[in-house]
Every structure is written in C-alpha cells, then in structure tokens.
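Student: I have a protein model to work through. Can we take it step by step?

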Amino acid sequence: MEHAGDEGRSGSRITGIVPSKRSGDRSVVRVDGRGVATLSNQRIAELGLHVGQAWTAALEAQVAEAKEYDTALRKAMNRLGARAMSRRTLDRKLKDLEFGDAVRERVLDRLESLKLLDEEAFGRM
C-alpha cells in the first residue's frame, strides 16, 4: 500500500552516485541526471541511497538535511583547522552562515565527540 509521499516525485529516480572529483570519500547524488547533493560515502550508505531508487518527497528531505549537516560540519572543521576556538564562538560563526539551531547543535556535539572541540583544552591555551 502506497502512502502520500511514497511514490516517486513525478517518476524521478536516482540516476547516479558518482565519485566527487574533489574528494575520494564523497560522491554526487544525481536525480534524473542532475546533481542534487554531494555527500560523504558513509552518509550515502547510511541513507541507503542507490541508483534506480525512487526520489520521494521524504527522501528528498532526508538528503537535504544530510547535505546541510555535511556542509556545516565541513565549514566548522575548516574553521577549527585555522585556529582553535570555543564552542560558543564556533556556534556563532555557524549561525552567521545561517545554519539552523538543530544542525549547529549536532555539528558541535560531533566535533566534541571527535575531540576536535574541547572547552577545557581551549581554556588552557
């Protein structure tokens, strides 16, 4: 039984998952021949994306959320690569880039879990 949003968006399908030219651990997800997102290969696997899969409204929303998180995480890591900063400062920088509260919180928590954002170490600097 199909539910609203389960059917493919006007017959749209994932037509390709192509390795990124810039990074070997990322791929471009193509729907009907056009790139809709570049995501880590790990995230693509977690979402269960595959060529031929129907492009539903629900899947489109999941991919959009993953794309925003991935972009925010990369931007945060780039900033931390330039210099150490507090959680508060990095949160403000991500907010200035117009990332939503939930995405910023997930990114900051992930960076802390990776020990890339450490308030105690930052305080000792």
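Student: How many helices and strands are there in the protein?
Tutor: Keep in mind that this is a predicted model. Read along the sequence, the pattern is β-β-β-α-α-α-α-α. The count is therefore five helices and three strands.

Student: What share of the residues counts as buried?
Tutor: Buried means under 20% relative accessible area. The protein has 125 residues. The share of them that counts as buried is 33%.

Student: In which sense do β1 and β2 pair?
Tutor: Strand β1 covers residues 14-19, and strand β2 covers residues 26-31. A hairpin of six residues joins β1 to β2. Five bridges link the two strands, and the sense is antiparallel.

Student: Which residue in β2 is the bridge partner of V18?
Tutor: Look at the pairing of β1 with β2. Find V18, then look for its bridge partner in β2. That partner is V28.

Student: Is V36 buried or exposed?
Tutor: V36 sits in strand β3, residues 34-40. Leaving aside neighbours within four places in sequence, V36 is in contact with V29, V31, W55 and K67. The relative accessibility of V36 is 16%. The cut-off for buried is under 20%, so V36 counts as buried.

Student: How far apart are the C-alpha atoms of V36 and K67?
Tutor: Along the chain, V36 and K67 are 31 residues apart.

Student: Which residues in α4 does α3 meet?
Tutor: α3 passes α4 in a right-handed crossing. From α3 come R87, L90, D91, L94 and K95. In α4 they meet R104, E105, V107, L108, D109, L111 and E112.

Student: Is E98 buried or exposed?
Tutor: E98 lies in the loop between α3 (87-96) and α4 (101-113). Its relative accessible area is 70%. Exposed means over 50%, so E98 is exposed.

Student: How far apart are the C-alpha atoms of E98 and A72?
Tutor: E98 and A72 are 26 residues apart along the chain. The separation of their C-alpha atoms is 9.6 Å.

Methods
Residues are numbered from 1 along each chain as its sequence is written. This is a predicted model: local features need pLDDT of at least 70, side-chain atom pairs count only at pLDDT 80 or more; totals for chains, interfaces and linings use all residues. Side-chain values use heavy atoms; hydrogens and water are left out. Helices (H or I, at least four residues) and strands (E, at least two) are DSSP runs, numbered from the N terminus. Buried means under 20% relative accessible area, exposed over 50%, partly exposed in between (1.4 Å probe, protein chains only). Two strands pair if DSSP finds at least two bridges between them. A crossing is left-handed if the near helix is turned anticlockwise from the far one by less than a right angle, and right-handed if clockwise. Contact means heavy atoms within 4.5 Å.
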